[in-house]
Amino acid sequence: MAELERVDVAPEPSGKSWDLGGMAQMSQSFVAGQVLAAMADEDPDIVVITADMKFSNLTVDFERVHPDRFVNVGIAEQHMVSMAAGMASVGLKPYIGAFAPFVGLLGGEQIRTDLAYPGLPVRILAHHAGIAIGFYGTSHHATEDLGLMRSIANMTVVCPCDATATEAALRQTADLPGPVYFRLGRGRDVDVYDALPEGTWRLGEAAVLREGTDLTIVANGITVSAALEAAAALVVDGVECSVIDAHTVRPFDRATIAEYAGRSGRLLVAEEHNVVGGVASACAEALVEHGQAGVKMERIGMPPDEYSLIGPPTHLYRHYGMDAAGIETKARELLAA
Amino acid sequence: MSGPAAVPAEQVQEVRDRAATVRRETIRLIEIAGNGHYSSVFSCAELMAALYSGVMRIAEDPEWPERDRLILSKGHVAIGLYPLLAERGYFPADWLDGYTRLGSPLGDHPDMRRIPGVDFSSGSLGHGLSIGVGMAKAARLRGYDETRIWVMLGDQELNEGQVWEAAGSASHFGLGNLVAIVDANQMGLDGMTEETMSVEPIGGRFEAFGWEVVEIDGHDPEAILAAAAALPPAAADKPRCIVARTVKGKGVSYMELSRTWHIGYLAPDDAAAALAEIDQRG
């Protein structure tokens, strides 16, 4: 008996280990909770709701400042969407945060019917979109959400690629009358916009981050910094690329995309989404609508009939060619074609 | 324990008259549309009539912020709501004459953006109680202390899992300003509710989710009004469910508990005969 009662207590973990609190420190680009807390100081109608994920999306940062305007519904994303709709109909402005597959796909019908159809100002913070959560697997990936959200009337869809863009997107959409889908990564995104002049990120306008006439690269989310890196590598060989962040997917800035693609004659679209239905599809529509169907186009994204392999996120990005090296390789192929 | 609150006889008669109007107008409007839901409306005619006969706290202005709100989670009974809203003057009565015609604000399911007095668009079953939880929570945040949120659900609708996500959160949030009315008309689209996919014990299920439950005869105006009068103040902390035992198709004998009259069309002669039966049964 005495032996059974003996318990070896593990010592406190070393500094190299981490828990949810440690993960929060790594999620430096998850600024929505802080930004909304500041916005809520000015706007008494803002409320934040999550579905047992306040540490994953750092909406806990909002709760700390405005506990009376923070709601946790537990693991019930569909209910969260409809509940937010009810709150919005009384005059509040709910921001609801959950993993993109669970709010964007599982809650998709509620988003269409309860938010978009009545045109209610509910904002969806759909984080860990794409394959950003890596080896947690397909149940936790969202590589179809842009396709769904892009076809919903009354919907605004934005993909801020970093902390600066996230703050700009939250502030610039604050007074929109209808719903907004914010497609966010996993919070560890390289900041692109903090080095650029303030105001570079403007809702509804594709951001031209680099000018070049040989090739147009359209990126979105995680691929924006990768595309800039690829363009910097290509210029060494005398190849001048335009790099455009198509952050606002709905409404889509067709004119800018068509203008740049038409001028370079070649368009490469890189996105963390199935190649069907997302930014590449939006670009193809833009080309056809603007009489630029002759542009040579290539797509980087999840292949149309594949679900992701298991692997760490960075390895998956490399495998599917969504990183700088993958974009550079595909760009060279397109230039040689 | 005191007995049920006394209900004024005039109010009881008002409910009877309005319920008859709901049934009559449903028959008239479906004649215009060419088809529609008769029997689902007939089961909750007295319930809807009571809500608009002094039970709901509403005003001349359908947008009054502190009004009570009604969500028809079983949105396919909107045809029964429209005459009640028109009677209150929320929109011109002649809108009813163009029911479902091209461009009409009035369709089979209610649209809050097109119809004054409709508090939320509905039609996709299972959403309404969540919407109601959101409204009740928002009313609390706004300090609308007397506002109640009423949600009308069907019994077969209780198969939808989202209903129970909402039910659990309503009690967790202490939303005593939320009232769910289950129009337990015993039937879904394919037949008897308990045969297709059982929901009983309805009251027991809601109780298990932390609600207070009262069961009434949903065709008895006095019982409906008494149940409403017996509600605790909106500031109470337990949501309440009224399980209204009803008969799908109530009022037109061959539609009652019929498996085939969920959707249908009455030709003019048959419509006249149905109206005569409704008038006779008062």
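Mentor: Two residues are in contact if their C-beta atoms, placed from the backbone, lie within 7 Å. This is a predicted model, so local features need pLDDT of at least 70, side-chain atom pairs count only at pLDDT 80 or more, and totals for chains, interfaces and linings use all residues. Residues are numbered from 1 along each chain as its sequence is written, while chains are lettered from A and ligands numbered from 1 in the order in which they are written.

Trainee: What does A:Ala227 touch, not counting residues up to four places away in sequence?

Mentor: A:Ala227 touches A:Ile217, A:Ala219, A:Val243, A:Ala270 and A:Ile327.

Trainee: Which residues touch the most other members of the largest nonpolar core?

Mentor: A:Ile96, A:Ile217 and A:Ala227 do, in a core of 193 residues. Helix α3 (residues 45–55) of chain B gives the largest share of this core, eight residues. A nonpolar core is a set of buried Ala, Val, Leu, Ile, Met, Phe, Trp, Tyr and Cys residues joined through C-beta atoms within 7 Å.

Trainee: Why is A:Thr143 called buried?

Mentor: Set the count against the cut-offs. A residue is buried if 20 or more other C-beta atoms lie within 10 Å of its own, exposed if 12 or fewer, and partly exposed in between. A:Thr143 has 27 C-beta neighbours inside 10 Å, so A:Thr143 counts as buried.

Trainee: Where is A:Thr143 found?

Mentor: In the loop between β4 (123–127) and α8 (145–150) of chain A. Helices (H or I, at least four residues) and strands (E, at least two) are DSSP runs, numbered from the N terminus. Not counting residues up to four places away in sequence, A:Thr143 touches A:Gly130, A:Ile131, A:His273, A:Asn274 and A:Met302. From A:Thr143 to A:Ala284 is 141 residues in sequence and 18 Å in space, C-alpha to C-alpha.

Trainee: What makes helix α9 (residues 163–172) of chain A mostly covered?

Mentor: Eight of its ten residues are buried. Among them are A:Ala163, A:Glu167 and A:Leu170. The buried residues of α9(A) pack against α3 (32–42), β5 (156–158) and β6 (180–183) of chain A.

Trainee: How do you know that chain A is as compact as a globular protein of that length?

Mentor: Chain A holds 14 helices and twelve strands. Its radius of gyration is 21 Å, close to the 20 Å that the rule gives for 337 residues, so chain A is as compact as a globular protein of that length. Its C-alpha trace spans about 75 × 55 × 40 Å along the principal axes. Buried residues make up 55% of chain A.

Trainee: What makes chain B as compact as a globular protein of its length?

Mentor: Chain B has ten helices and five strands. Its radius of gyration is 18 Å, close to the 19 Å from the globule rule for 282 residues, so chain B is as compact as a globular protein of that length. Buried residues make up 50% of chain B.

Trainee: How many residues does the contact take from chain A and from chain B?

Mentor: It takes 21 residues from chain A and 21 residues from chain B. On the side of chain A that touches chain B, the largest share, nine residues, comes from α5(A).

Terms used: The radius of gyration is taken over C-alpha atoms; the globule rule is 2.2 Å times the number of residues to the power 0.38.
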